[in-house]
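User: Hello! I would like to learn how to read the features of a structure, one at a time. Could you walk me through this one?

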Amino acid sequence: MNHQSIMVIDFGGQYNQLIARRVRDLNVYAEVVPYTSAIEKIEEKRPAGIIFTGGPNSVYDPASPVADMRLYELGIPVMGICYGAQLMAHQLGGSVKSADVSEYGRTMLHVKNTDSLLMEDVSRDNIVWMSHTDFIAEPPAGFKVTASTDNCPVAAMEDADRGFYAVQFHPEVEHSVEGQKVLSNFVFRICGCLGDWRMDSFVESSIESIRKKVGDGRALCALSGGVDSSVAAVLMSKAIGRQLTCVFVDQGLLRKDEGDEVEAVFGPDGSYDVNFIRVNAQQRFYEKLKGVTEPEQKRKIIGEEFIRVFEEEAKKIGSVDYLVQGTIYPDVIESGLGTSATIKSHHNVGGLPDHVDFREIIEPLRMLFKDEVRQVGRELGIPENLVSRQPFPGPGLGIRIIGEVTEEKVRIVQEADAIYREEIAAAGLDKGLGQYFAALTNMRSVGVMGDFRTYDYAVALRAVNTSDFMTADAAQLPWDVLAKVTNRIVNEVKGVNRVLYDCTSKPPGTIEFE
């Protein structure tokens, strides 16, 4: 079944993923593509609407990214957000200038008394999120202004006859109180979408396409035991059964006792009828990471070594055509989308080596966000304790240890993390947090234990609240819980004499440390 879709054209905006996520919340499929995408590729997908994202540039700078002018001739509704709004104004004959007063953060929007479909049922005065230094000084011919702020005369404009809409604010962020209503108006009232994209239909169509692709071939699934790879493994198993072999590589960078837990679920005595192979490769990975401190280099080393292990296991199995990975959409975008900046290379995307000895890589969850992956897991009947488990990065503790990775440092962070997770659960906080874990800093400091001076490591605790993992706020954990965790870690984990709590949101930070 072909579903309607919204195409999000990325101009380097920090909220590009969030726009797609908010559209999907409306049960309409959305996909992010770079502004350099060929117009023919966009036409092939026949989107019901197009959204231009924000971006850091000024449209009047000749070096700034621009939209292909033919996008305005497709007869498809286009909505510009922030830079995308300014770009639309600039390309269609309006005027964009540098503002005397920049707007950042929460701003009062004044909606004009118009018959605008985009602003239908939106309060006349409501709070929106602004982030701009340029502004639309003069709309193009044919456009009318539908909203303003005290410092921005054109906070929203439209040419409904041609299907062009633009907003200077960011409707996709939660701080824009009625932003989702604006996106909903564009998706449903203007683009005519039905809202029929759901996880149950995704599961059915994915199983069908996987069977068609694999045929009578064989596939090897890179199973980490995390949510993403577990859901990918069960989805593949539903599609091709015993043609699938799950290879679990214990690279020595897992959480405490996690290797045994994964084997208990997917191994011979587990819940799933899959071919399961466990490879204990701890020393191999430690050796490769010896002396390496740069985060991107660590990610790439871990990614390449994973692939080499999978290749070796595939040769033992004989005639394996496909490698299956639990890559999800944030992995893809954070690893670099077109000309967008690379935030970090995910070991299963940007960390892949140039040559992979498989016919093809299958990533059945590649276009899904984390909460969508969890919903697929539920549709597949995966137990809730697996579906809801804490996210864990593919490179494992390798990116929760700042600086060089050693076996001793792994032991320290495993023990500290186990204590942290145990106390969070005991306090009843585990269900309400988006993600929480302990990391090992590269900082050592003086401490006193008993009558002795110590010079040991500092552990950093991280806990965030997030609905989509695109943005996150540091969780305000109860002080008594933090105090108990700190006391236990310092007293029970050899090599640690200080515990810190990370209060940074995303952005500007990321959820993980490296």
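Analyst: Gladly, and we start with contact, which means heavy atoms within 4.5 Å. Helices (H or I, at least four residues) and strands (E, at least two) are DSSP runs, numbered from the N terminus. This is a predicted model, in which local features need pLDDT of at least 70 and side-chain atom pairs count only at pLDDT 80 or more, while totals for chains, interfaces and linings use all residues. Residues are numbered from 1 along each chain as its sequence is written, and side-chain values use heavy atoms, with hydrogens and water left out.

User: Which residues of H5 and H11 meet?

Analyst: Met-199, Asp-200, Phe-202 and Val-203 of H5 meet Glu-372, Gln-375, Val-376 and Glu-379 of H11. Sorted by class, this contact holds four nonpolar, one polar and three charged residues. Here Ala, Val, Leu, Ile, Met, Phe, Trp, Tyr, Cys and Pro count as nonpolar, Asp, Glu, Lys and Arg as charged, and the others, Gly among them, as polar.

User: At what angle do H5 and H11 pack?

Analyst: Axes are lines fitted to C-alpha atoms, for helices over the stretch in contact, and angles run from 0 to 180 degrees between N-to-C directions. H5 (residues 199-214) and H11 (residues 370-379) pack at about 75°, and their axes are 9 Å apart. The two helices are therefore roughly perpendicular to each other; angles under 35 degrees count as roughly parallel, over 145 as roughly antiparallel, 65 to 115 as roughly perpendicular and the rest as oblique.

User: Which residues of H11 are buried, and what covers them?

Analyst: Buried means under 20% relative accessible area, exposed over 50%, partly exposed in between (1.4 Å probe, protein chains only). In H11, Lys-370, Glu-372, Val-373, Arg-374, Val-376 and Gly-377 are buried. Their cover includes H1 (16-24), H5, H6 and H12 (384-387).

User: And which residues of H7 are buried?

Analyst: In H7 (residues 258-266), they are Glu-258, Gly-259, Val-262 and Phe-266. They cover an arc of only 105° around the axis, which puts them on the same side of H7. The arc is that of the directions from the helix axis to the C-beta atoms. These buried residues pack against S10 (219-223), H6 (227-240), S11 (244-250) and S12 (275-280).

User: Which way do the residues of S8 point?

Analyst: In a regular strand the side chains alternate between the two faces of the sheet. Ala-156 and Glu-158 point one way from S8 (residues 156-159), Met-157 and Asp-159 the other way, and all are buried. S8 pairs with S7 (residues 144-148) in the antiparallel sense over three bridges, with Ala-147 opposite Ala-156. Four bridges join S8 to S9 (residues 164-167), also antiparallel, and here Met-157 stands opposite Ala-166.

Key: Pairing = 2+ DSSP bridges.
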